[in-house]
Amino acid sequence: MEQFRKFLRDKAFALVLTACLLAAAAAGVWAVRTVRNELKQNLDAVRSPSSTAPGIDEGINTSPGVAGEEEAEWQQQNAPAANSVANVPKADSSSGGAASSSGAQSGSGSVREPSALQTESSPASSSAAPASTQPVSGRVLNSYSGDELVYSKTLGDWRTHNGVDYAASRGAEVTAPATGKVVETGTDDKWGPVVAIEDASGRIWRVCGTTDARVKKGDTVSVGQTIGKVGSVSCECAEESHIHLEVMEGEKYLDPIKAMK
């Protein structure tokens, strides 16, 4: 009898334990289903176009109609840019870029090609002949004095020196100091053998001490062209062998060194 009671108690305990386990399982299933439903609702709310996130998207209209209008407006703003690219003027290959160089204003429909810019070059001035030069390559013995009086070894007095004396050995070649027309050849009572050249500006270049002239009056000479040889300057014969160069503008003497600059 005692064993039968014990059996009933064990049976009852097993049933109670089973019932508890079933209740716990049911509660777990309900909790999982509830959480799943809430997650699904939240997910649906996020995917919905009309939903807004509080505090973040507030005031931002995400309705399809407004979005469509904004997209259309954005496309219209880009349209002028596309047109401006299509309307860029093309270079006229037949003109070779001459339209731009003739003074056409920007936007007139002509474009200067890069090849036209690259082929242009400025006039070469480095190889041009000098406008004037000293008649011999020697050093300066006596400079132009202007209004200042200097002592003359040959004449033994004080006077102005109206030119520049360039040292040169007897018989050395003398060249034209400037391009122009020969206006004088021969012997001067004071200066000895002289060749005078008038340049394009009307200035007279007198090369005193030039003997054995290779040019005659009326000839046209170029700067650096040989015109004779070194002889003697009569009024300066006490000096070292040299050529005396004078530059006259009308009745006025100029400093030859400054005139050659």
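Where is the place of Asp212? Asp212 sits in the loop between strand S9 (210-211) and strand S10 (220-221). Strands (E, at least two residues) and helices (H or I, at least four) are DSSP runs, numbered from the N terminus. The model is predicted, with local features needing pLDDT of at least 70 and side-chain atom pairs pLDDT 80 or more, while totals for chains, interfaces and linings use all residues. Residues are numbered from 1 along each chain as its sequence is written, and side-chain values use heavy atoms, without hydrogens or water.

Phi of Asp212 is near 50°, a positive value in a residue other than glycine. Asp212 is exposed, with a relative accessible area of 53%. Here buried means under 20% relative accessible area, exposed over 50%, and partly exposed in between (1.4 Å probe, protein chains only). His244, in strand S12 (residues 242-249), is buried at 0%. His244 and Cys208 are 36 residues apart in sequence, yet their C-alpha atoms are 5.0 Å apart in space.

Side chains of opposite charge can pair when their charged atoms come close. A salt bridge is counted when a side-chain nitrogen of Lys or Arg lies within 4 Å of a carboxyl oxygen of Asp or Glu. The whole structure holds eight salt bridges. One of them joins Arg206 and Glu184, with the closest N and O atoms 3.8 Å apart. This pair links distant parts of the chain: Arg206 is in strand S8 (residues 204-208) and Glu184 in strand S6 (residues 180-188), 22 residues apart. Arg206 is buried at 11% relative accessibility, whereas Glu184 is partly exposed at 28%. Asp219 and Lys216 also form a salt bridge (3.3 Å, N to O). Asp219 is partly exposed at 22%, and Lys216 is exposed at 53%. Elsewhere, salt bridges that share partners join Glu184, Asp188, Arg206 and Glu246 into one network.

Helix H1 (residues 2-47) contains Leu21. Leu21 counts as exposed because its relative accessibility is 57%. Phe13, Leu17 and Leu21 make a nonpolar surface patch of about 340 Å². Such a patch takes residues with over 30% relative accessible area and no salt bridge, joining nonpolar side chains (Val, Leu, Ile, Met, Phe, Trp, Tyr) within 5 Å and like charges within 9 Å. Areas come from the Shrake-Rupley method with a 1.4 Å probe; for residues, only the protein chains shown count as cover.
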